[in-house]
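Let's take a walk through this model, one feature at a time. Have a look at the fold below, and then we'll start with some rings.

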Amino acid sequence: LEIKLRGADLPVPCAWQAAAVKRGQTPATEQIVPCRAGKVNATVHLREAEPGLVVVALDLDKETALAAEDGVRLTALLADVEQGVAIARSEPWWTRPVFWQQQNFIPDEAQLVLARRKTDHAVLLPLAAGGAMGWARGTDVPFSAGGVAVVLTARAPWSLRSGALAAFGAGDSPYALVAGAVRQGLVAMGNPGRLRIEKPFPEPFKRVGFCSWNSFYENQTTPNLMAAAHSFADAKFPLGFMIVDAGWQTASSGNLIF
């Protein structure tokens, strides 16, 4: 674990102390690991949220102003990995899968890491805390084929007192692992959303639709849109809906219709 204070040139690694383990009914196990990074007293909580799934959270002794980039960085090793896939941000609004065989090749700004191991699968889901975004990325670790780092990064000055860092899991089914990580990650962040299966399926999406962006890009004019609608009608195509997609561009009067 490394903590980088606002205005600091370099992060400070945490000096680990003896861990304490608590056992109970729910969660089954919680491990509490204190550490000190310079003048910052920190405590890492590893809580078994459900069988095979652990949520990692960080507590600081007070509200602490952190660096905008990598204010908090937690580096871990996924043991016995054969290969994996990371869902990483490739553009501001798109993600793509990146397949890897060494953890240090996991790309920056990965939002989900899924690995196939010798006997099971492992998942890592970065979380968000204190107004900062959580990312994962590959990192070099001298005694292995790399590790994976979870970082908290903000686009503006921010501070942290406590918050969840990541959800880790291991098990036989990669599908159940991903669902469980997202489910427990949402709980750890205060339930800011719901799983797909908890939401009603949008009725319009049961029909075939048309999005104007891939046909007209920024040229979303009335003649173009009406011509597209007429072409579907003339072909007697059972179009269910149309999306006028202007690509989030700055609109000017006369260029777009709404």
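Phe210, Phe232 and Phe237 are linked into a cluster by ring pairs. For the ground rules, rings of Phe, Tyr and Trp (its six-membered ring) pair if their centres lie within 6.5 Å, and planes under 30 degrees apart count as stacked, over 60 as edge-to-face and the rest as tilted. Keep in mind that this is a predicted model, where local features need pLDDT of at least 70, side-chain atom pairs count only at pLDDT 80 or more, and totals for chains, interfaces and linings use all residues. Residues are numbered from 1 along each chain as its sequence is written, and side-chain values use heavy atoms, with hydrogens and water left out.

Across the whole structure, the search turns up 4 aromatic pairs. Phe205 and Phe241 make a tilted one, at 5.7 Å centre to centre with 50° between the planes. That pair links distant parts of the chain: Phe205 sits in the loop between α1 (174-188) and β16 (209-211), while Phe241 belongs to strand β17 (residues 241-243), 36 residues apart. Helices and strands here are DSSP runs numbered from the N terminus (H or I, at least four residues, for helices; E, at least two, for strands). Trp213 and Tyr217 have ring centres 5.2 Å apart and planes at 75°, so this pair is edge-to-face. Trp213 is partly exposed at 22% relative accessibility, and Tyr217 is partly exposed at 42%. The scale goes like this: buried is under 20% relative accessible area, exposed is over 50%, and partly exposed is in between (1.4 Å probe, protein chains only).

Now for the cysteines. Which residue does a disulfide join to Cys14? It is Cys35, with 2.3 Å from S to S; the rule asks for a pair of cysteine sulfur atoms within 2.5 Å, and by that rule the count comes to 1 disulfide. The link of Cys14 and Cys35 is right-handed, with 55° about the S-S bond. Cys14 lies in the loop between β2 (12-13) and β3 (15-16) and Cys35 in strand β5 (residues 29-37), so the pair ties together parts that are 21 residues apart in sequence. Both Cys14 and Cys35 are buried, whereas Cys211 is partly exposed, with a relative accessible area of 27%.

Stay with β5 for a moment. β3 and β5 run antiparallel, joined by 2 bridges (strands pair if DSSP finds at least two bridges between them), and Ala15 has Arg36 as its bridge partner in β5. β5 also pairs with strand β6 (residues 40-50), in the antiparallel sense over 8 bridges. Ala37 stands opposite Val40 in β6. The hairpin of β5 and β6 has 2 residues between the strands, and there Gly38 takes a positive phi near 65°.

On to β15 (158-171). 10 of its 14 residues are buried, so β15 is largely enclosed by the rest of the structure. β7 runs antiparallel to β15, with 10 bridges joining them, and Val54 has Phe168 as its bridge partner in β15. β12 and β15 are antiparallel as well, over 6 bridges, with His121 partnered by Gly171.

β7 (53-66), β8 (72-76), β12 (121-126) and β15 each supply at least two residues of the lining of the largest pocket. Its lining has 16 residues, and Ala76, Leu77, Leu78, Phe168 and Gly169 lie nearest the centre.

Notes
1 Å grid on protein atoms, 1.4 Å probe; cavity = no way out; pocket = protein on both sides within 12 Å on 5 of 7 lines; lining within 4 Å.
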